[in-house]
Amino acid sequence: MLRLLRHSAVLLTLLSLLASNVLLLTSSAFNAAVSTALATTLGVRTASAALSSRLAGSERQLRTLKSTQLRRSASVKGFGRSLTARTKRVAARGIAAIPAESLPYIGAAVVVSSMVYELYEACETLRELDTLYTDLGLAETVPDDAMRSLCNPPPLDELFGNPLTQPDV
């Protein structure tokens, strides 16, 4: 009787080991459960736990990359919309100024005011381009000489005083 009980226990153990091996190889849920149980009770780091932590790290990196890409995309779209609107305004103002530029005396004032407006808009474009570079995380920046010459032009009396020494704009 004892022998029958012992053989039954051995047979039951072998069948349970065989079933657990089959389940470990075929069922990811069972594999994860056994891996978690081993990790918590014995402190053993299993391959499944290592892969799970690696996958979690990859998912975090992916979320970070997606959010960065969304921010960059929004920056580029904003710059594009702003540049389009600015270009339309400058073109419309330039076209509207054509008849006024042909008038005596008033034409000179219109030409100067149109140029000042175009310089202002060009300066705003450079500022937004610099912001775009920053938003994209690029080391590139708008050159300081371009920012200086467009955003802080010399006074008009200097411009008309010696036209041969003007900065390249």
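Guide: Val142 is buried, because its relative accessible area is 6% and the cut-off for buried is under 20%. The model is predicted, so that value is computed from predicted coordinates. Val142 sits in the loop between H4 and H5.

What does Val142 contact, leaving aside its neighbours within four places in sequence? The list is Leu126, Leu129, Asp130, Tyr133 and Met147. Helix H4 spans 106-136. Helix H5 covers residues 144-151. Val142 and Glu124 are 18 residues apart in sequence. In space, C-alpha to C-alpha, Val142 and Glu124 are 12 Å apart.

Next comes H5. The buried residues of this helix are Ser149, Leu150 and Cys151. Their cover includes helix H4.

H4 also packs against H3. Two packed helices are described by the angle between their axes and the distance between the axes. For H3 and H4, the axes come within 10 Å. They cross at roughly 175°. That angle is over 145 degrees, which makes H3 roughly antiparallel to H4. The residues of this contact divide into 13 nonpolar, six polar and 10 charged.

Ser75 gives a local view on the H3 side. Ser75 is found in helix H3. It counts as buried, because its relative accessibility is 15%. Not counting residues up to four places away in sequence, Ser75 touches Leu132 and Asp135.

The charged end of Arg93 sits over the ring of Tyr117. The distance to the ring centre is 4.8 Å. As for ring-to-ring pairs, the structure holds zero aromatic pairs.

Now the connection between H3 and H4. Tyr105 lies in this loop. Is Tyr105 buried or exposed? Tyr105 is exposed, because its relative accessible area is 79%. Its backbone deserves a check too. Phi of Tyr105 is near 65°. That is a positive value in a residue other than glycine.

Val44 counts as partly exposed, because its relative accessibility is 41%. Not counting residues up to four places away in sequence, Val44 touches Leu38 and Ala39.

H2 runs over residues 28-42, and H1 over residues 2-26. How do their axes cross? They come within 6 Å and cross at roughly 110°. H1 and H2 are therefore roughly perpendicular to each other. On the H1 side, the contact involves Ser20, Leu23, Leu24 and Thr26. On the H2 side, Ser28, Phe30, Asn31 and Val34 meet them. By class, this contact has four nonpolar, four polar and no charged residues.

Thr13 lies in helix H1. It counts as partly exposed, because its relative accessibility is 43%. Thr13 and Ala122 are 109 residues apart in sequence. C-alpha to C-alpha, Thr13 and Ala122 are 82 Å apart in space.

Terms used:
Residues are numbered from 1 along each chain as its sequence is written. This is a predicted model: local features need pLDDT of at least 70, side-chain atom pairs count only at pLDDT 80 or more; totals for chains, interfaces and linings use all residues. Side-chain values use heavy atoms; hydrogens and water are left out. Axes are lines fitted to C-alpha atoms, for helices over the stretch in contact, and angles run from 0 to 180 degrees between N-to-C directions. Helices (H or I, at least four residues) and strands (E, at least two) are DSSP runs, numbered from the N terminus. Angles under 35 degrees count as roughly parallel, over 145 as roughly antiparallel, 65 to 115 as roughly perpendicular and the rest as oblique. Contact means heavy atoms within 4.5 Å. Ala, Val, Leu, Ile, Met, Phe, Trp, Tyr, Cys and Pro count as nonpolar, Asp, Glu, Lys and Arg as charged, and the others, Gly among them, as polar. Buried means under 20% relative accessible area, exposed over 50%, partly exposed in between (1.4 Å probe, protein chains only). Rings of Phe, Tyr and Trp (its six-membered ring) pair if their centres lie within 6.5 Å; planes under 30 degrees apart count as stacked, over 60 as edge-to-face and the rest as tilted. A charge sits over a ring if NZ of Lys or CZ of Arg is within 6 Å of the ring centre and within 35 degrees of the ring normal.
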